[in-house]
Amino acid sequence: MPLYVVSDLHMGDSTLASMFRDSDQGFRFADLCSSIARTQDGELVLLGDIFDVTAATPPPKGLTDFGRALEVPIGDKGQRTLAQIMKQIREANPIALDALEALSNEAPVTLVPGNHDRHLGEAGGREALDAAGLSKVKIEPMAVRRVMDKVVVLQHGHAWDPSNATATGGGETMTSVIHHAIVPFLRHLAPRSNVRIEPDRIVALRPEERVVPVLQRWLKPGVFEMFIDAFLELLVANGYLSRALAWLATPAIIRSRLKDDDDLWEHAGLSALAALEGGKPLPGKPPPPDVLVLGHTHVVDWAVAEGARPESSGSM
């Protein structure tokens with residue numbers, strides 16, 4: 001059975017910064033869906049972070065204080081239901097999602113939720129996907145398939161990333177703050193003659209805390225210090241860090257933390273190889289894989305390792 005895998009499309013609400021535009025990414029994804037539909041017995045696995053539900057969810061506290069501190073018109077927002085968010089994502093990405101709906105009527109399509117769309121694997125997720133017109137898309141916590149004589153395990157991969165492994169790890173708060181506070185703040189700034197500020201670019205940063213050194217280069221002296229104070233207050237208000245840690249969180253300390261976080265894809269890769277070799281269990285306890293496929297890191301990489309069984313090999 002031909003197996004196609006796509007991850008990290010981050011399709012989002014049109015009112016927010018976008019990692020990818022439907023007018024570009026949508027046509028390429030639609031071409032892929034058409035190709036799969038013409039393939040006998042083909043299946044598409046959507047391997048997480050297909051929908052950016054986290055980005056569409058504002059932080060529950062502190063936006064008004066953040067806006068007041070920086071003298072920009074940013075205020076607290078009401079929370080939307082998951083179904084409302086998915087409907088708006090559908091409206092903002094008609095090319096990609098029309099193609100996905102059409103494919104799901106002709107071939108198997110399975111969604112494995114990631115950290116940005118983990119909500120779809122929880123209570124109300126099925127109904128929200130239905131509300132977006134994707135009632136025939138199945139939802140599985142991971143996908144285990146047999147391709148020829150190989151066992152293929154497909155997971156999003158965020159389980160090896162402490163800040164994103166759970167909803168309370170901090171990653172969701174940072175995503176929410178970037179989209180609903182930092183990007184609107186940057187859009188409000190007057191342009192600088194010697195610095196090119198492109199607010200939407202920062203949503204593609206990995207790890208997302210890299211926003212701090214980027215803004216240190218983009219903002220005028222004095223403005224950056226005001227931003228850091230308001231930024232840390234917003235993180236404290238939403239439980240990302242404690243008041244004591246906020247007092248200690250200088251730009252230099254934040255950059256030192258980023259040095260470890262920058263190696264996320266390497267940590268994930270080493271963990272995946274250990275799992276293929278039988279030295280580390282996979283989250284969810286799937287059968288031992290011959291091939292392991294992950295998303296999440298936004299880095300294209302693969303490796304082959306000698307598996308526990310002499311005749312098997314693995315890829316990631």
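Helices (H or I, at least four residues) and strands (E, at least two) are DSSP runs, numbered from the N terminus. Axes are lines fitted to C-alpha atoms, for helices over the stretch in contact, and angles run from 0 to 180 degrees between N-to-C directions. The model is predicted: local features need pLDDT of at least 70, side-chain atom pairs count only at pLDDT 80 or more, and totals for chains, interfaces and linings use all residues. Residues are numbered from 1 along each chain as its sequence is written, and side-chain values use heavy atoms, without hydrogens and water.

Helix α1 (residues 22-37) packs with helix α4 (residues 94-104). Their axes lie 7 Å apart, at an angle of about 15 degrees. The two helices are therefore roughly parallel to each other (angles under 35 degrees count as such). The crossing of α4 by α1 is left-handed, that is, the near helix is turned anticlockwise from the far one by less than a right angle. On the α1 side, the contact (heavy atoms within 4.5 Å) includes Phe27, Phe29, Cys33 and Ile36. On the α4 side, Ile95, Leu100 and Leu103 are among the residues involved. By class, twelve residues are nonpolar, two polar and one charged. Here Ala, Val, Leu, Ile, Met, Phe, Trp, Tyr, Cys and Pro count as nonpolar, Asp, Glu, Lys and Arg as charged, and the others, Gly among them, as polar.

Helices α7 (residues 211-218) and α8 (residues 223-237) form another pair. Their axes come within 9 Å and cross at roughly 155 degrees. α7 and α8 are therefore roughly antiparallel to each other (angles over 145 degrees). Val211, Val212, Leu215 and Gln216 of α7 meet Phe224, Phe227, Ile228 and Phe231 of α8. This contact has seven nonpolar residues, one polar and no charged.

An open sheet holds three strands in the order β5-β6-β7, with mixed pairing. Two strands pair if DSSP finds at least two bridges between them. β5 (143-147) and β7 (291-294) stand at the edges with a single partner strand each, so one side of each has no neighbour in the sheet. From one strand to the next, the twist averages 20 degrees. Strand β6 (residues 150-155) pairs with β7 in the parallel sense over four bridges. Gln155 has Leu294 of β7 as its bridge partner.

Confidence is given by pLDDT, the predictor's confidence in each residue, from 0 to 100. The protein averages 88, and 90% of the residues score at least 70. Over residues 309-316, pLDDT stays under 50. The model has 31 contacts beyond four places in sequence for residues 309-316. Where pLDDT is low, the predicted coordinates should not be read in detail.

Note on methods: Parallel < 35°, antiparallel > 145°, perpendicular 65-115°, else oblique.
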